[in-house]
Amino acid sequence: MLIVKRIDEFNEAKSKLKGTIGFIPTMGALHDGHLSLIRKSIEENEFTIVSIFVNPTQFLQGEDLKSYPRREEADTRICDLAGVDILFIPAVKQMYGDDELSIGAPARRGYILDGAKRAGHFDGMLQIVMKLLNLANPTKAYFGKKDTQQLLLISQMVDSYFMDVEIMPCEIIREPSGLAMSSRNLYLNQEQKDRALALSKSLQKATQMVLSHEMDAKYIIEEMNKILIGVDSIEYIAITDRGLKQIESVVVGNTVILVAAWVGQTRLIDNIWI
Ligand code: PAF
């Protein structure tokens, strides 16, 4: 595996890859969720590129940019063992100049749900994903459904800017307990991890209700609220279509149920596509 830190090195390494390229952009602290994206890319492409970059522009003032877990050595080993061809780990100065143009997330989809409390987060996320996709120029890029809003916004950006890459949505990977894997789970102690299970349990409850033909969104949300009693605060529970429009009734095949909640100082999100 080639590890590159500078853009010129990256471009040179990339120019030697003749064949299809799968790309997985990450912020590091890799877990089995990331590994599942890497494996899928290796299966589906001749070459796989992973980037690790904790992107400052997607963190708001007061968020966890400084404390975000950084595990370069372990991440490098994981990528190498998994069979990644190029690992790109740029410094902030490689990725940003001092007077950057910005990309704005769409006014509705970018400022609801996670974008409501984290206004501007998706602008920064799209800005870096645009840069990384332009650099890696992959055939396919892999993103987890855990960040459904992110995934949908990236797909929208790729369509709107006629970018030549296939966005591959990948299933959420869960711990045996049901907790959705996330780098931020590293912030949780055991007691908090136990309480965090309320998120996946509330989604299981919603799924069971739908399986029993209960489609009323308001009622499902009420029942989910009861299960989420153990978290410190609920930021939102939402039932939307696959375009993130709130809906009154679940439509199987075109619904996402999403939840965001705080456990201690950690903000957790989870969702299920119905
Ligand atoms: O999901 C993430 O890890 C980040 O938001 C991403 C897509 C790598 C952009 O920084």
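Leaving aside its neighbours within four places in sequence, which residues is Met168 in contact with? The legends below refer to a predicted model, and the first of them takes up this question.

View 1. Apart from neighbours within four places in sequence, the residues in contact with Met168 are Glu44, Lys140, Ala141, Tyr142 and Phe143. The relative accessible area of Met168 is 12%, under 20%, so this residue is buried. Ser41 lies 127 residues from Met168 along the chain, and 9.4 Å separates the C-alpha atoms of the two.

**View 2. The open sheet of six strands.** The strands follow the order β1-β4-β3-β2-β5-β6, and their pairing is parallel. At the edges are β1 (2–4) and β6, each of which pairs on one side only. From one strand to the next, the twist averages 25 degrees.

**View 3. Pairing of strands β3 and β4.** Strand β3 (residues 47–52) pairs with strand β4 (residues 86–88) in the parallel sense, over three bridges. Ile49 has Ile86 of β4 as its bridge partner.

**View 4. Helices α1 and α2 on the sheet.** Helix α1 (residues 7–15) packs on the sheet and touches β1, β2 (21–26), β3 and β4. The direction of α1 makes about 160 degrees with that of β4. Helix α2 also packs on the sheet, where it touches β2, β3, β5 (140–144) and β6. Between the directions of α2 and β5 the angle is about 155 degrees.

**View 5. Packing of helix α2 with helix α3.** Two packed helices are described by the angle between their axes and the distance between the axes. For α2 (residues 32–44) and α3 (residues 72–82), the angle is about 30 degrees and the axes are 10 Å apart. Because this angle is under 35 degrees, α2 is roughly parallel to α3. The crossing in which α2 passes α3 is right-handed. Leu35, Ile38 and Ile42 of α2 make the contact with Ile78, Cys79 and Ala82 of α3. By class, the residues of this contact are six nonpolar, no polar and no charged.

**View 6. Thr76 in helix α3.** Not counting residues up to four places away in sequence, Thr76 touches Met1, Ile3, Leu87 and Ile89.

Conventions. Residues are numbered from 1 along each chain as its sequence is written. This is a predicted model: local features need pLDDT of at least 70, side-chain atom pairs count only at pLDDT 80 or more; totals for chains, interfaces and linings use all residues. Side-chain values use heavy atoms; hydrogens and water are left out. Axes are lines fitted to C-alpha atoms, for helices over the stretch in contact, and angles run from 0 to 180 degrees between N-to-C directions. Helices (H or I, at least four residues) and strands (E, at least two) are DSSP runs, numbered from the N terminus. Angles under 35 degrees count as roughly parallel, over 145 as roughly antiparallel, 65 to 115 as roughly perpendicular and the rest as oblique. A crossing is left-handed if the near helix is turned anticlockwise from the far one by less than a right angle, and right-handed if clockwise. Contact means heavy atoms within 4.5 Å. Ala, Val, Leu, Ile, Met, Phe, Trp, Tyr, Cys and Pro count as nonpolar, Asp, Glu, Lys and Arg as charged, and the others, Gly among them, as polar. Buried means under 20% relative accessible area, exposed over 50%, partly exposed in between (1.4 Å probe, protein chains only). Two strands pair if DSSP finds at least two bridges between them.
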